[in-house]
Amino acid sequence: MIHLRRLQKLYKMGSSVVRALDGVDLTIGAGEFVSLTGASGSGKSTMMHIIGCLDRPTSGEYLLDGAAVSKMNDRQLAVVRNRQIGFVFQTFNLINRTSAVDNVAVPLIYGRKSSTKKASMAALERVGLANRASHKPSELSGGERQRVAIARAIVNDPKLILADEPTGNLDSHTGEQIMAIFHKLHAAGTTVIIVTHEMDVAAQAKRMIRMRDGKIVTDEILDEQRRSALQAEAYIAPQPVASPT
Ligand code: ADP
Ligand code: MG
């Protein structure tokens, strides 16, 4: 489904160059549940933005379902994003002055769908929040806001869900509820990629990729034994909380 080859993203900063991605080769199949982890500044968000068609690589190739995304123009990228990809961000990114159900409808309106109410309510139901449909974000808890954001991400039934530190602003119990929704989406066949620096969150995926300095340093399939070991490690030595980037 996702095929990255020799991917680079360079930022020119004055006379120096930041190698945010420095030669990434990666293949992710349909239906996988992958976590992307690594220290702050290792290139996780840059990678997500490129996979999510929010940004283009400086060089290298990106194929999404066989389509050469790295060669598309802005308008074509916007169509791919709207139809195929759902995003979840650490800071929820909801529109504050409008209700939960209207927030969820945004991708439908953008995609020029005629009836939005039914699909938006169905998406809210899938995250267990139908009873908050008319609440504004300010009238919801952090966990509820993130559930609205997930409902917005899945309202178009995308085959790919990308979440960048989705539990970063939530307490651990609320974070677990959010992770339960991602598990459910994965079980239903959606491809899920989660960026996190929290090891106990990363260890919940079926495959864990670690980045450092714009490169993939480890890429492993997690079995039950490895997962328990990682979770025990996270419990004994909690990861320092990195600032959001
Ligand atoms: P992470 O999400 O793992 O914390 P990022 O992908 O945000 O890392 O950033 C990777 C590197 O690229 C960092 O060194 C960061 O400072 C740099 N970077 C990210 N975005 C930009 C930008 N728009 N301009 C310049 N440098 C950037
Ligand atoms: Mg980041």
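The count of aromatic pairs in this predicted model comes to 1, where rings of Phe, Tyr and Trp (its six-membered ring) pair if their centres lie within 6.5 Å, with planes under 30 degrees apart counted as stacked, over 60 as edge-to-face and the rest as tilted. The partners are Phe87 and Phe89, which are stacked, at 5.8 Å centre to centre and with 10° between the planes. Phe87 counts as buried because its relative accessibility is 14%, whereas Phe89, at 24%, counts as partly exposed; buried means under 20% relative accessible area, exposed over 50% and partly exposed in between, with a 1.4 Å probe and protein chains only.

Helix 6 covers residues 172-187, helices being DSSP runs of H or I with at least four residues, numbered from the N terminus. From first C-alpha to last, its 16 residues reach 22 Å, close to the 22 Å expected at 1.5 Å a residue, a span taken as 1.5 Å times one less than the number of residues. Thr174, Gly175, Ile178, Met179, Ile181, Phe182, Leu185 and His186 are buried in helix 6. Seen down the axis, these buried residues fall within an arc of 150°, so they line one face of helix 6; the arc is that of the directions from the helix axis to the C-beta atoms. The face turned away from that buried side carries the exposed residues Glu176, Lys184 and Ala187.

At the N-terminal end, Asp171 caps helix 6, with a side-chain oxygen 3.1 Å from the backbone nitrogen of His173. Gly189, with a positive phi near 105°, follows helix 6.

Residues are numbered from 1 along each chain as its sequence is written, while chains are lettered from A and ligands numbered from 1 in the order in which they are written. In this predicted model local features need pLDDT of at least 70 and side-chain atom pairs count only at pLDDT 80 or more, while totals for chains, interfaces and linings use all residues, and side-chain values use heavy atoms, with hydrogens and water left out.

How values were computed:
Helix = DSSP H or I, 4+ residues; strand = E, 2+ residues; numbered from the N terminus. Polar contact = N/O pair within 3.5 Å; in protein donor to acceptor, adjacent residues only side chain to side chain.
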